[in-house]
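Work through the exercises below with the sequence and the model side by side, and try each task before you read its solution.

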Amino acid sequence: MEHSDRDVRRGADGISRRTMLSAAAASVVAIGFDPLGGRWVSAAAAAGRPSLRNVPPLDGTLHLDSATRHDDARDNGKIIERVPSAVLRPGSATDIAKMIRFCRELGIQVATRGQAHSTYGQGLVGGLLIESRSLRTIHSISEDGADVDAGVLWQELLLAAGEHGLTPPVLTRFTGLSVGGTLSVGGVGVRNIHGAQIDLVRELEVVTGEGRVQRCSAHHNRRLFEAMLGGLGQCGVITRAWLSLEPAQPMARSYALSYSNNAELFRDLRTLLTRGELDGVIGLWGLGPTGMVCRLDAVAFFDPAAPPNDAHLLRGLSQPSASAVATDASYLDWAQQADRALAQLRLKIDWDDLVKPYFAVWLDDNAIEEYVAELVPSLTAADLGTGGLILWPQRRSGLTRPFLRVPTGAEWVYMFSVLTTSAQPGPDPAFAEAMLARNRRWFDRARNSGGTQYPIGSIEFDHADWATQYGDLWPEFRRRKRTYDPDGILTPGPGIF
């Protein structure tokens, strides 16, 4: 079903084309680049500059003002700061192609900003920063899938699809992330056997590092398609995606099962995963009044006419099914529970300005329990702050995209994350440095057990680390980088190439 611009440009921070252009008039907009001076030039400063390279005509706007550039200088981690020299708010994929070609000729690096939820400068750049949020149209929704711009938030797609009784099969716990952002990394969800969000992409529109707009899928231009899904923006900029949808059940029943030790938690977790009767199970740890507490959170989707049988779903566990705390909610309310929790944090504390040196790794079923058992008892209040620990089990066969690097030794793999935050808002270099050193120690221990990084967190990686991360795919990744971004201008933040 087609949606009008007015219908699909949703959200409290929504801007129309007219609003964007009006706002642009109040800021400094670039008209060219001075190769001799090495800087962008505004109309007011352009007089008498014969060497000026004029910016191509754009549907959107290119901003030079300090406020806009500094707003895009940090990400969710608040550890790294890189002030871009210019910010593009594109009005079309063609704008992005024009500006990438412009930057390529001048050797200017380019990165894309979705919701900036990485934590270690992965999407920051000192050159041109592209704000994907200005491209956020939901073009169509039907049983055949969704056609959306890369700047659309998953929450917006969730709500729009819900009007048709549909849903994305995989949602991250926090849905206020952009489609293009999660597809560049992976997008791990609560469901255990459906893969990551990148596994449910049918087709992409991409602007490559050559400045070419291309369509790609598993059947057409496959090498580019694979490199974009979990490829950390190294080969292009995702501008549009065609995604699978499925029928949504009206209700969700959540089960919270608390444990006094990790061994029982893992035993019950494996039982539930092997059965596959629930729609999703994750593990959670946090600091309680007397120390670390752990629990499993599970969910079953259902129609009110046929509610779940709790005793059957939770049979044979280390505790009686009656001890589980069961909560019913509409499917949409369940899917947005993390968004509401974050909104509450923002009301209570200055959450956005907390330093967040997150840690995230993949381990397989042969290593995860021992790793968690060693790490959890060592944690202190400083290791967590307002955060906690989350364990995301995934069936390995569901993770089909090659550049999402996960262990290969077992049927089940687990993304394990520690969501560390500082105790107080504002810069804290000493805290960040200590946590980065801690993260590196934790990662080395994980890698010695066959683990890989899930690159949303804060782990200092060099080229050798990335070569190890990609393993036997490293030479192929380098070939695709040379093919689609021959001058190496795209997404320098991770430091891969």
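**Exercise 1.** How many disulfides does the structure hold?

*Solution.* Keep in mind that this is a predicted model. A disulfide is a covalent bond between the sulfur atoms of two cysteines, and the test applied here asks for a pair of cysteine sulfur atoms within 2.5 Å. Begin with Cys103, whose sulfur has its closest cysteine sulfur in Cys235, 18 Å away, which is too far for a bond. Continue with Cys216, for which the closest cysteine sulfur is again in Cys235, at a distance of 10 Å, and this too is too far for a bond. The count for the structure is zero disulfides.

**Exercise 2.** Is Cys103 buried or exposed, and is Cys216 buried or exposed?

*Solution.* Buried means under 20% relative accessible area. Cys103 has a relative accessibility of 0%, so it counts as buried. Cys216 has a relative accessible area of 0%, and therefore it is buried as well.

**Exercise 3.** Where is the place of Asn76, and with which residues is Asn76 in contact, leaving aside its neighbours within four places in sequence?

*Solution.* First locate Asn76 in the loop between α3 (66-71) and β5 (86-89). Next, note that its relative accessibility is 6%, so Asn76 counts as buried. Finally, with those sequence neighbours left aside, Asn76 is in contact with Ala116, His117, Ser118, Thr119, Trp351, Leu354, Lys356 and Tyr358.

**Exercise 4.** Which residues of helix α5 (residues 154-162) are buried, and what do they pack against?

*Solution.* The buried residues of this helix are Trp154, Glu156, Leu157, Leu158, Ala160 and Ala161. These buried residues of α5 pack against the strands β8 (138-142), β9 (145-149), β10 (166-167) and β13 (236-243), and also against the helices α6 (179-185) and α10 (331-335).

Technical notes. Residues are numbered from 1 along each chain as its sequence is written. This is a predicted model: local features need pLDDT of at least 70, side-chain atom pairs count only at pLDDT 80 or more; totals for chains, interfaces and linings use all residues. Side-chain values use heavy atoms; hydrogens and water are left out. Buried means under 20% relative accessible area, exposed over 50%, partly exposed in between (1.4 Å probe, protein chains only). Helices (H or I, at least four residues) and strands (E, at least two) are DSSP runs, numbered from the N terminus. Contact means heavy atoms within 4.5 Å.
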